[in-house]
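Please look at the sequence and the model shown below before reading on.

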Amino acid sequence: MSDLRQESPLAGFRSNTAAGEAGSPGVILTERPFLGYVNLRGDAGDATFLAAVEGVLRVALPLDPNTIAEGEDVTACWMGPDEWLLILPPGAQTRALAALGEALAAHHASAVDTTGGYTLVNVAGARRRELLAKGCTLDLHPRSFSPGQCAQTNLGKAGVLLIPRGDGSDAQSFDVIVRRSFADYLGLWLQHSAREYGGAGAAVS
Amino acid sequence: MLLIECPWCGPRDESEFAYSGEAHIVRPLTPEELTDEEWADYLFCRRNTRGDHLEQWCHASGCRRYFNVQRDTVTYRIKSVYKPGEPPPGDRP
Ligand SMILES: [Zn+2]
């Protein structure tokens, strides 16, 4: 038997946590590896498509641009007028894909497994907005970007999907979803940019 | 830096967009029946407008959709944006 183990794109950064930190960091970076990702495309104007997807996910797809809908074990993110990204717990993409394939068999639609193509870094801490603002042109103020929304944009030189997280209008943290080929770059960018806010306290854990 | 209004995402920084040339150029349905001059006209010849120009942009770092923009090529002012398939604003020259 081969001894296979999963390794996230930021596995190298995770081990940095062991370096030990003191005080309360202004920025806390936490990778959430191995989540399931499904790219879903279909006609948002077709009620039968929307109903079929809702039957599987048990949550309606978000139709307003740059918003999310949260189900029990899925976050559906608006990516375009006919495109969504489904974020699922690790491993859950297999069952979701099978169910979507069955439910959408008669539709002009697609559900593609993009798990392994992305990883997610959660950015928390009191200075979370200042950190992101260093490399992002979006207005991150709660009045224009708060939980329930999402946005594809650039962070540094990497394309990312940003999701404000938490209750109420003031996001307690931001999920940053990045392609795995950019994860190393973005991990270094985040750590370097976070240095002034938390010293060694900022590590991808 | 321009602030460009994506018809879906709203105003975003110019750095998120890619310019994609003049809008409303229709690919000939039967290219094999065209003369070289007609094919070259389709491929290469553009209006080079001074003033209001109808052009395509792609929200490359955002929703990755193409849309149309009416932009003054003298002032760079963007006067309107509209989705593919929608008619251009006003009378087209
Ligand atoms: Zn857009």
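With a relative accessible area of 34%, A:R41 is partly exposed, a class that lies between buried (under 20% relative accessible area) and exposed (over 50%), computed with a 1.4 Å probe on protein chains only. This is a predicted model, in which local features need pLDDT of at least 70 and side-chain atom pairs count only at pLDDT 80 or more, while totals for chains, interfaces and linings use all residues; side-chain values use heavy atoms, with hydrogens and water left out. Residues are numbered from 1 along each chain as its sequence is written, and chains are lettered from A and ligands numbered from 1 in the order in which they are written.

**Salt bridges**

A salt bridge is a side-chain nitrogen of Lys or Arg within 4 Å of a carboxyl oxygen of Asp or Glu, and the structure holds 15 of them over all chains. A:R41 meets A:D82 in one such bridge, and this pair links distant parts of the chain, since A:R41 is in strand 2 (residues 36–41) of chain A and A:D82 is in the loop between strand 4 (75–80) and strand 5 (83–88), 41 residues apart. Strands here are DSSP runs (E, at least two residues), numbered from the N terminus. A:D82, at 27% relative accessibility, is also partly exposed.

| Pair | N to O distance |
|---|---|
| A:R41 and A:D82 | 3.0 Å |
| B:R64 and A:E83 | 3.3 Å |
| A:R5 and A:E7 | 3.4 Å |
| B:E16 and B:R12 | 2.9 Å |

In the last pair, B:E16 is buried at 1% relative accessibility, and B:R12 is buried at 5%, whereas A:R5 is exposed at 67%.

**Where the chains meet**

Between the two chains, 15 residues of chain A are in contact with 11 residues of chain B, contact meaning heavy atoms within 4.5 Å. Three salt bridges cross this interface, and a network of salt bridges links A:R41, A:D82, A:E83, B:R64 and B:R65.

**The zinc site**

The zinc ion has as its protein donors B:C6 (SG), B:C9 (SG), B:H59 (ND1) and B:C63 (SG), lying 2.0 to 2.5 Å from it; donors are N, O and S atoms within 2.8 Å of the metal (3.2 Å for Na, K and Ca). The site is tetrahedral, with angles of 106 to 118 degrees among its four donor atoms, where the rule for four donors asks that all angles lie between 85 and 135 degrees.

Methods. Tetrahedral: all angles 85-135°; square planar, octahedral: opposite > 155°, others 65-115°. Helix = DSSP H or I, 4+ residues; strand = E, 2+ residues; numbered from the N terminus.
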